[in-house]
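This report covers the fold and then the pockets. Keep the structure in view while reading.

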Amino acid sequence: LLGWASVYQLDGINIDFENVHLKDGPLLTQFVRELTPLLREAGLIVSIDVTFLSTSENWSMFYDRAALGKIADYVMVMAYDEHWASSPTAGSVASLPWVEKGVRRILEETGIPPAKLILGVPFYTRVWTEAPSGNGVKVSSQAVGMDVVARIIREEKLTPVLDEATGQHYVEYDHETGFRKIWIEDEHSMRARAELVEKMGLAGIAAWSRGFERPEIWEVIDDVLN
């Protein structure tokens, strides 16, 4: 890691471990504790990714967020997926009220200072399909970037409407595979996320994943944060 950081003149290293057994959580904390001084000696910034708090052992409970917040320079919270790929119900990847509630809970329960917390935002969304199956409905989804959603809106001649409950634009339409729903990531939702960073005094924004966004998104983020 130190070698590659030197070769590519990196500013820092972001540590991202997910789906760890609960019993191995202390080992992850110790790994970060031992790695961080070596990275700092090389002048590198150290950040680590965590999820929102939940009762899922392998997804959330193995993170000792309080300890990690004291070790690393920054903690990046992956503020997604509220509705994940195999979710039994269709919904937003990260509705604005859900994000704000999750961030406030982390700040209140872990002691991580707002100035050390980075908000992770999704550059992707999911195209949800609800299709009849037996006596019920089969729900499936596909993760797509912003250009794909814009193309769907154009080809299907859709008019996005603002969904007050999620703080996002929303479209729905009939498709040969079933009834489709999309909670849209666009300039509107990204501005709201950036404004949340400002309102709560957070360190900044991180995103997953580069390449899913439209160029205008960077202008929105820069306009709010700078």
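## Antiparallel sheet

β7 and strand β8 (residues 168–175) run antiparallel and are joined by three bridges. Strands, like helices, are DSSP runs numbered from the N terminus (E, at least two residues, for strands; H or I, at least four residues, for helices). L162 stands opposite H169 in β8. Two strands count as paired if DSSP finds at least two bridges between them.

β7 and β8 belong to an open sheet of five strands, ordered β6-β5-β9-β8-β7, with antiparallel pairing. Its edge strands are β6 (136–144) and β7 (161–163), each of which pairs on one side only. From one strand to the next, the twist averages 30°. Angles run from 0 to 180 degrees between N-to-C directions, on axes that are lines fitted to C-alpha atoms, for helices over the stretch in contact.

This is a predicted model, in which local features need pLDDT of at least 70 and side-chain atom pairs count only at pLDDT 80 or more, while totals for chains, interfaces and linings use all residues. Residues are numbered from 1 along each chain as its sequence is written, and side-chain values use heavy atoms, with hydrogens and water left out.

## Parallel sheet and its helices

Strand β4 (residues 117–122) runs parallel to β10, and five bridges join them. P122 stands opposite W208 in β10.

## Overall dimensions

The protein chain has eight helices and 10 strands. Its radius of gyration is 19 Å, close to the 17 Å that the globule rule gives for 226 residues, so the chain is as compact as a globular protein of that length. The radius is taken over C-alpha atoms, and the rule is 2.2 Å times the number of residues to the power 0.38. Along the principal axes, the C-alpha atoms fill a box of roughly 55 × 40 × 35 Å.

## Pockets

A pocket is an open set of points on a 1 Å grid over the protein atoms alone, where a 1.4 Å probe fits, with protein on both sides within 12 Å along at least five of seven lines; lining residues have an atom within 4 Å of a point. A volume is the space filled by probe spheres set on the points, which are joined across faces, edges and corners.

| Pocket | Volume | Lining by class |
|---|---|---|
| Largest | about 580 Å³ | 14 nonpolar, four polar, six charged residues |

Ala, Val, Leu, Ile, Met, Phe, Trp, Tyr, Cys and Pro count as nonpolar, Asp, Glu, Lys and Arg as charged, and the others, Gly among them, as polar.

Which strand gives the largest share of the lining of the largest pocket? β10 does, with five residues. β1 (12–15), β2 (45–50), β3 (74–78) and β10 (204–208) each supply at least two residues of this lining.

In the second largest pocket, the largest share of the lining comes from helix α5 (residues 96–110), with four residues.
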